[in-house]
Amino acid sequence: MTASDIAAIVAQLPKAELHLHLEGSIAPETAAQLARRHGAEITPAEVAHRYRSPDFPGFLDAYKWVTSFLRQPQDYALIADELFARLAAQDVVYAEITISASVMLRRNQDLAANFAALAEAAERSKSRGLRVQWIFDTARQFGPEMAMETARWAARLAPRGVVAFGVGGDELALPAAELRPAYDLAREAGLRAVAHAGEIGPPQAIREAIEILGAERIGHGIAAALDPALMERLASDGVTLEICPTSNLRTGALARQFGAESASLDRHPLKSFFDRGLRVALSTDDPAMFETDLIAEYALAARLGLDAPEIARLAEMSFHAALLPEPDCQSYLARFRKRTSELGLL
Ligand code: HPA
Ligand code: ZN
């Protein structure tokens, strides 16, 4: 079966996406529109050019740059409505959206007002058949105090749909131990824990995210491919890796982890993880920046060697790893299985 056959099948499945940054989903045209709203003239082509970063620091710069055009609740409402429309059009029925909450705080924005606009957009998306929950992310390079402040906000907004606290940004900027108090605070407030780790950092960063921060899911975690004992442990502990192949190529993470000759998707460890029984949640990370979408990532998984029933099992895993109450999780799974059996996939 070709990758495009797989894409056609995956398009017909109800899907979940768990690793998706709101601020990385801004289409070039929308970024240009936001820039104009705030007095800057930039063409969509220029935005697209900025999005094509040569390496990981370049990616973080581009991410920071595009967030500079997000200044008020209407800006956030616009990008959320657009993202949710695109997700619904792909039959994504459940999404956990990561917000760079620490960036809002660092820019002295009214986080409560921004989040209220986002929560309203999530409410509107229900009529499209999409359920959204939120993850508040702190940028590692902003330090432990900002992490605490972000965790406090996440706890405060938990009643409005924030379900987890996470860390992203420059993975090498701060040891995990410095983030522990923020994770403890979040956990005590009933939030779940996720963390970017082993994206550009070593396998040890994944161990620390689990042991020190209590992360139940790891953003990327591709460094695990370098450490068979760690892969075994991830499989037996049922820790989910949120795998975003195009992101790993475009940020240079693949080349950094596996050598310059790995600057090709064919070297991505997704299939190796899958074959070893690791839990994997396929995602896009920053779809507009990387010019991808969830269906395209499944087509890549097929290119990496997963056959149609394996692709279906992969898609099912995202519902398993969702931060949902058990009955909700089961009801999505039942719906998913019904569709896969109608399509003759499982
Ligand atoms: N890693 C680190 N920071 C990020 C990412 C990522 O994949 N996406 C958006 N911010
Ligand atoms: Zn990410």
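Let us begin at the metal: the zinc ion (ligand 2) is coordinated by His19 (NE2), His21 (NE2), His196 (NE2) and Asp285 (OD), at 2.1 to 2.2 Å. Donors here are N, O and S atoms within 2.8 Å of the metal (3.2 Å for Na, K and Ca), and water is not among the atoms, so sites may look incomplete. Along the sequence, the donor residues of this zinc ion follow the spacing H-x1-H-x174-H-x88-D. One pair links distant parts of the chain: His21 sits in strand β1 (residues 15–21) and His196 in strand β5 (residues 192–197), 175 residues apart. Helices (H or I, at least four residues) and strands (E, at least two) are DSSP runs, numbered from the N terminus.

A word on what you are looking at: this is a predicted model, in which local features need pLDDT of at least 70 and side-chain atom pairs count only at pLDDT 80 or more, while totals for chains, interfaces and linings use all residues. Residues are numbered from 1 along each chain as its sequence is written, chains are lettered from A and ligands numbered from 1 in the order in which they are written, and side-chain values use heavy atoms, with hydrogens and water left out.

Buried means under 20% relative accessible area, exposed over 50%, and partly exposed in between (1.4 Å probe, protein chains only).

Now step back to the whole chain, which has 18 helices and eight strands. Its radius of gyration, taken over C-alpha atoms, is 19 Å, close to the 20 Å that the globule rule gives for 346 residues, so the chain is as compact as a globular protein of that length. That rule is 2.2 Å times the number of residues to the power 0.38. Buried residues make up 60% of the 346.

Finally, follow helix α18 (residues 326–342), which has 17 residues. In α18, Cys329, Tyr332, Leu333, Phe336 and Thr340 are buried. Seen down the helix axis, these buried residues fall within an arc of 100° (taken from the directions from the axis to the C-beta atoms), so they line one face of α18. They pack against β2 (92–99), β3 (131–139) and α17 (308–320). On the other side of α18, Pro327 and Lys338 are exposed. After the helix comes Gly344, whose phi is positive, near 70°.

Conventions: Expected span 1.5 Å × (residues − 1). Contact = heavy atoms within 4.5 Å.
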